[in-house]
Amino acid sequence: MASNYNPLTSHVLDTAIGRPAVGVSITLSKYEGNGWREISKMLTNADGRVGNLISSEEFTPSRFKLAFDTLAYYESRGEKTFYPYIDVVFEIERPEEHYHVPILLSAFGYSTYRGS
């Protein structure tokens, strides 16, 4: 299996303002038998991105969860949101591939997909 320096990345775009969502806290967890184990916690950068969420050694076939703290993001902007957090749970079968999990965000809706 080839080593993948940055196997999992994310990007948060605030579609209501047409800009990256800066400072969104994202927590990555891995499901292990009877519950979730936190792997890392990061803030989106000036471009709304995070990388290096997990090492290629720990990125094994499993179920993972990205938790986006949207409440804190909107509170920092003096706004309210209908969705205080977003949990995106996904299954990794081929860890040698790169996975990108973006969020298109607004105060009253969001969408996600497997990006490239």
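Biologist: What should I know about the model before we start?
Modeller: The model is predicted, so local features need pLDDT of at least 70, side-chain atom pairs count only at pLDDT 80 or more, and totals for chains, interfaces and linings use all residues. Residues are numbered from 1 along each chain as its sequence is written, and side-chain values use heavy atoms, with hydrogens and water left out.

Biologist: What is the strand order in the open sheet of 4 strands?
Modeller: The order is 4-3-6-7, and the pairing is antiparallel. Strands here are DSSP runs of E with at least two residues, numbered from the N terminus, and two strands pair if DSSP finds at least two bridges between them.

Biologist: Which strands are at the edges?
Modeller: Strand 4 (35–43) and strand 7 (86–92) are the edge strands, and each of them pairs on one side only. On average, neighbouring strands of this sheet are turned by 20° against each other, direction ignored. For such angles, axes are lines fitted to C-alpha atoms, and angles run from 0 to 180 degrees between N-to-C directions.

Biologist: What holds paired strands together in general?
Modeller: Strands of a sheet pair through backbone hydrogen bonds, either parallel or antiparallel.

Biologist: How many bridges join strand 3 to strand 6?
Modeller: Strand 3 (residues 25–32) and strand 6 (residues 62–69) run antiparallel and are joined by 6 bridges. Ser25, for instance, has Asp69 in strand 6 as its bridge partner.

Biologist: Let us change topic. How many salt bridges are there in the whole structure?
Modeller: A search of the whole structure finds 8. A salt bridge is a side-chain nitrogen of Lys or Arg within 4 Å of a carboxyl oxygen of Asp or Glu.

Biologist: Which residue does Glu58 pair with?
Modeller: Glu58 forms a salt bridge with Arg37, and the closest N and O atoms are 2.2 Å apart. This pair links distant parts of the chain, as Glu58 is in the loop between strand 5 (49–50) and strand 6, while Arg37 is in strand 4, 21 residues apart.

Biologist: Where does UniProt place a binding site?
Modeller: The unreviewed UniProt entry places the feature "binding site" at His11, Arg49 and Tyr113. UniProt positions are given in the numbering used here, feature names are shortened, and annotations may be inferred rather than shown by experiment.

Biologist: What surrounds Arg49?
Modeller: Arg49 lies in strand 5. Leaving aside neighbours within four places in sequence, Arg49 is in contact (heavy atoms within 4.5 Å) with Ser10, His11, Leu43, Thr44 and His100. Arg49 also forms a salt bridge with Asp47, with the closest N and O atoms 2.7 Å apart. Arg49 is partly exposed, with a relative accessible area of 38%.

Biologist: And where is Tyr113?
Modeller: Tyr113 is in the segment after strand 9 (109–112). With neighbours within four places in sequence left aside, the contacts of Tyr113 are His100, Val101, Pro102 and Leu104. Tyr113 counts as partly exposed at 44% relative accessibility.

Biologist: Now the aromatic rings. How many pairs does the count come to?
Modeller: The count comes to 7 aromatic pairs. Rings of Phe, Tyr and Trp (its six-membered ring) pair if their centres lie within 6.5 Å; planes under 30 degrees apart count as stacked, over 60 as edge-to-face and the rest as tilted.

Biologist: Why is the pair of Tyr73 and Tyr74 edge-to-face?
Modeller: The planes of Tyr73 and Tyr74 are at 75°, so the pair is edge-to-face, with ring centres 5.0 Å apart. Tyr73 is buried at 3% relative accessibility, and Tyr74 is buried at 1%.

Biologist: Which residues form the aromatic cluster?
Modeller: Phe59, Phe64, Phe90 and Tyr99 form one aromatic cluster.

Note on methods: Buried < 20%, exposed > 50% of the residue type's maximum accessible area, 1.4 Å probe, protein only.
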